Amino acid sequence: MAELLVDSEVLRTEVREKYREVALHPQAEHHFHTGRPLADRLGYDPAIVASLPDRAVESFAGVGNPFSLRPLESAERVVDVGSGAGFDSFIAAHYVGSDGAVVGVDMTREMLEKSRETAHLLGFGHVEFREGFAEGLPVADQWADVVISNGVFNLCADKRTVFDEIYRVLRPGGFFQFADIATGRPVPVEAQRDIDLWTG
């Protein structure tokens with residue numbers, strides 16, 4: 001097993017703190033874009049986004065549009081890794097319909113509370129949010145037709161384990177659709193070990 005460059009639990013603590021603020025204070029100034037302007041910039045279907053209440057969109061902080069890779073189909077089962085306040089899960093729920101199912105997984109309590117309350121408000125009984133880590137998804141083996149994620153893996157120290165988990169929960173022939181941040185050239189090891197650079 002490869003050596004981790006930063007302590008996973010310390011990194012999780014920093015990530016939780018940052019996204020706790022996004023959940024509680026979505027209109028505050030963050031070092032990344034959020035909300036409806038971001039969804040528009042990333043090419044989400046404007047009609048679907050417009051159908052969602054502000055609380056379902058305002059804490060969205062993705063880096064791309066995983067739905068641009070392939071349209072989801074009716075009745076598919078979807079896992080959203082790092083679901084945050086639920087924006088991508090709610091978009092997925094629109095596509096798969098009530099015959100499908102969406103499980104969002106997140107580790108930040110404030111994000112989970114917000115996403116669960118919004119799902120209840122929307123009457124989305126086919127959407128569920130579970131507490132957990134990308135490195136240990138609380139989902140049964142081969143349950144998912146599709147796994148989506150948006151700007152999460154770059155914040156995980158143990159990426160090998162994350163990808164192993166995705167492989168575990170996907171059915172044979174399933175789809176993995178994600179958006180993330182990648183570097184175009186090697187990052188010096190001393191920079192990789194600076195945990196503040198991971199979240200800053």
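Reader: What volume does the largest cavity have?

Author: The largest cavity has a volume of about 500 Å³, where a volume is the space filled by probe spheres set on grid points that are joined across faces, edges and corners. On a 1 Å grid over the protein atoms alone, a cavity is a set of points where a 1.4 Å probe fits but cannot get out, while a pocket is an open set with protein on both sides within 12 Å along at least five of seven lines. Please keep in mind that this is a predicted model, in which local features need pLDDT of at least 70 and side-chain atom pairs count only at pLDDT 80 or more, while totals for chains, interfaces and linings use all residues. Residues are numbered from 1 along each chain as its sequence is written, and side-chain values use heavy atoms, with hydrogens and water left out.

Reader: Which residues lie nearest the centre of the largest cavity?

Author: Those are Gly82, Ser83, Gly84, Asp106 and Val152, out of 33 lining residues, a lining residue being one with an atom within 4 Å of a point.

Reader: And which element gives the most to that lining?

Author: That is H1, which gives 5 residues to the lining of the largest cavity; helices (H or I, at least four residues) and strands (E, at least two) are DSSP runs, numbered from the N terminus.

Reader: Which residues of H1 are buried?

Author: The buried residues of H1 are Ser8, Leu11, Arg12, Val15, Arg16, Tyr19, Val22 and Ala23, where buried means under 20% relative accessible area, exposed over 50% and partly exposed in between, with a 1.4 Å probe and protein chains only. They lie on the same side of H1, because they cover an arc of only 135° around the axis, the arc being that of the directions from the helix axis to the C-beta atoms.

Reader: What covers them?

Author: The cover of the buried residues of H1 includes helix H6 (109–122) and H9, judged by contact, which means heavy atoms within 4.5 Å.

Reader: Changing topic, where is Glu76 found, and is it buried or exposed?

Author: Glu76 sits in the loop between helix H4 (54–57) and E1, and Glu76 counts as buried because its relative accessibility is 6%. Leaving out residues up to four places away in sequence, Glu76 touches Arg70, Val96, Gly100, Ala101, Asp145 and Val146.

Reader: Last one: what volume does the largest pocket have?

Author: The largest pocket has a volume of about 730 Å³, and of its 29 lining residues the closest to its centre are Asn154, Leu155, Ile181, Leu197 and Trp198.
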